[in-house]
Amino acid sequence: MTGIIRGLEELPGRMEPYERLTDDVVEECDVCVIGSGAAGAVLANKLAHAGRSVVLLERGGYYEGEDMNQRDEDMVPLLWKNGGINFTDDLRIAIGQGCCLGGSTVINDAVCFPIPEIVADQWTGLGVEISMLEWSDAIKEVSDQIHVTPLAESELNRNSRMLRTGCELLGFKNHSMNSRNCIGCMQCGLCHLGCHYETKQDMRVTYIHRALSDPGSDVRVYVNCTAGRITHADGVVDGVEGSFLDSSGRSVYKIKVNARALVLSAGSIASSQMLISNSIAPGVAGRGLALHPFPCILGEFQFEVRGNQGIPMAYALHDFGVTNGVADGGFLVEGIYLPPLQFAMYFPETDLQKLELMRRYDHYAMAGVLVRDDQNGIVSVTDSGSARVSYSPGAKELDSMARGAAVIAKMWFAQGATRVITSHLAKRVLNRVEEIGDLERAIRNDPKNLLLGSAHPQGGNRMGSDRSRCVVDSDCRVYGFRNLFVCDASVFPTALGVNPQLTVMSLATITAERLTEKWKDISHEG
Ligand SMILES: Cc1cc2nc3c(=O)[nH]c(=O)nc-3n(C[C@H](O)[C@H](O)[C@H](O)COP(=O)(O)OP(=O)(O)OC[C@H]3O[C@@H](n4cnc5c(N)ncnc54)[C@H](O)[C@@H]3O)c2cc1C
């Protein structure tokens with residue numbers, strides 16, 4: 001038997017077996033996994049491989065490279081959560097998350113960092129019983145599955161090389177090329193729009209594809225399917241109900257999955273939203289969200305940098321970060337370039353200035369500050385059932401942003417930038433290196449005028465031993481439940497300080513193994 005994907009759309013000529021639904025669905029399985037991203041795909045694959053029957057529910061659609069036409073006005077609505085219109089409640093931080101088969105791994109930059117040892121130790125101190133050996137084994141397994149490979153010199157574009165030169169000119173010690181999960185990257189620079197060439201080893205082309213093609217596995221995948229009500233009583237879940245929604249949000253069919261165990265892998269924010277909506281872990285779920293807030297700084301040059309051509313995120317400066325032993329807070333400086341629409345949204349320009357900004361799209365160097373933040377955020381649910389994210393950076397985060405922005409501005413001026421453009425409304429342009437202090441002060445004293453992006457929401461359903469502030473134990477099992485699990489970035493007890501996908505996949509690897517070992521206890525079988 002091989003697996004199958006079912007959904008609402010007519011999709012001829014797909015790589016995977018696919019059927020269009022014509023009616024409501026009732027399913028029976030051992031494990032129902034909600035969400036097919038970095039965690040859900042690994043769990044579904046490994047649990048099926050271990051002999052469990054698995055139903056995987058994914059809110060987004062099933063799209064392949066052919067569908068990914070490299071135009072951001074088409075791809076952001078298709079592949080991004082809420083069509084890319086996803087902000088904190090004060091509209092100051094745009095939060096990027098995927099909504100499609102494969103989740104955020106389909107639209108991410110493919111950068112891979114293992115969990116820093118210092119963070120794994122901090123988590124142990126918070127009651128997370130996962131040894132460094134377990135992390136290392138899982139990282140190795142995942143890295144093999146998704147082909148994590150160090151970048152070669154020939155894969156650095158001019159933007160990345162300018163970040164490296166900036167590090168050298170300013171005398172930094174710890175900076176290097178990243179590793180990525182790609183095979184034969186075409187370097188089109190459009191990772192955020194899905195990989196047209198399917199060289200990115202995202203969850204759809206790796207774990208999901210292998211689960212579906214393994215003749216020994218029983219995996220049934222439903223796309224366009226939003227899971228909603230969790231049916232539970234006395235700490236035991238018996239299943240979940242959901243709806244198949246068409247592109248206008250209309251419910252076309254219903255689904256009921258009767259499952260012996262349920263794993264929520266809907267990602268940060270959505271997993272908290274589901275718990276809160278189902279009155280599970282009240283007062284605890286939704287607390288402690290971190291965002292890795294990420295201000296970007298442009299340097300404008302007389303020559304063409306062409307940062308949009310080549311691998312967008314290939315080089316990083318570690319001197320100030322957790323990867324250089326900074327235990328509390330800190331930041332990485334990461335090279336990045338954005339497709340035109342996202343680029344235009346990041347910088348607070350008037351219409352005319354924006355035209356001028358975009359005309360010079362080829363002439364900028366760009367880098368951002370990945371801030372290891374405290375868990376300042378809260379997820380709540382509005383009366384209409386939507387998730388609301390409240391988040392304000394504190395003094396520590398603002399200090400990291402100010403220092404990181406200053407480092408980048410210095411790097412660009414040191415290489416002859418004619419001006420530096422920031423994502424701060426009140427201090428938009430720096431014309432001279434002497435103005436960098438003004439930018440630092442503006443960020444510290446006037447944070448409301450700072451526009452930020454976040455691609456790494458984490459936390460909200462913390463893992464740990466303190467049941468008064470944590471949602472799950474070290475097996476990702478929800479406190480007070482026998483067979484309900486949350487496994488995704490939402491269970492991180494602190495912000496990670498590095499790009500999170502490899503850690504999420506490793507956690508799912510460990511969780512799948514623990515769930516398999518403890519299956520009798522979880523399912524109450526025999
Ligand atoms: C633009 C961008 C760039 C990034 N770049 C990198 C990078 O280079 N390196 C890195 O390490 N990390 C990167 N990340 C972050 C990384 O991809 C995520 O941290 C990781 O994928 C999170 O895994 P997850 O399983 O928690 O959630 P996701 O991968 O987001 O998966 C959650 C899935 O659940 C689905 N879902 C939600 N609610 C429901 C529901 N009710 N019913 C059914 N399904 C539901 C969603 O549609 C989604 O597909 C990036 C993210 C973005 C957005």
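# Exercises on a predicted model

By class, the shell around the ligand comprises 18 nonpolar, 19 polar and four charged residues. The structure used in these exercises is a predicted model.

## Exercise 1: the ligand shell

State how many residues surround the ligand, and identify which are the closest and which helices and strands each supply at least two residues of the shell.

*Solution.* Begin with the count: the ligand is surrounded by 41 residues, of which G35, G37, G103, D109 and G267 are the closest. Then turn to the secondary structure, where α1 (38-49), α7 (270-277) and α12 (501-517), together with the strand β11 (225-233), each contribute at least two residues to the shell.

## Exercise 2: an open sheet

Determine the order of the four strands in the open sheet, explain why one side of β20 and of β24 is left without a neighbour in the sheet, and describe how α7 packs on the sheet.

*Solution.* The order is β20-β19-β14-β24, with antiparallel pairing. Since β20 (387-390) and β24 (458-460) stand at the edges and each has a single partner strand, one side of each is left without a neighbour in the sheet. Neighbouring strands are turned against each other by 35 degrees on average, with direction ignored. Within this sheet, β14 (residues 287-290) and β19 (residues 377-381) pair in the antiparallel sense over two bridges, and L289 stands opposite G377 in β19. Finally, α7 packs on the sheet by touching β19, β20 and β24, and its direction makes about 45 degrees with that of β19.

## Exercise 3: two helix pairs

*Solution.* For the pair α10 (residues 395-414) and α11 (residues 436-445), the axes come within 8 Å and cross at roughly 160 degrees.

The contact is formed by A41, V42, A44, N45 and A48 of α1 with Y207, I208, R210 and A211 of α6, and by class it has seven nonpolar residues, one polar and one charged.

How values were computed: Residues numbered from 1 in each chain as written. Predicted model: local features only at pLDDT ≥ 70, side-chain atom pairs only at ≥ 80, totals over all residues. Near = placed C-beta within 6 Å. Nonpolar A, V, L, I, M, F, W, Y, C, P; charged D, E, K, R; others polar. Pairing = 2+ DSSP bridges. Axes fitted to C-alpha atoms, helices over the stretch in contact; angles between N-to-C directions. Contact = placed C-beta atoms within 7 Å.
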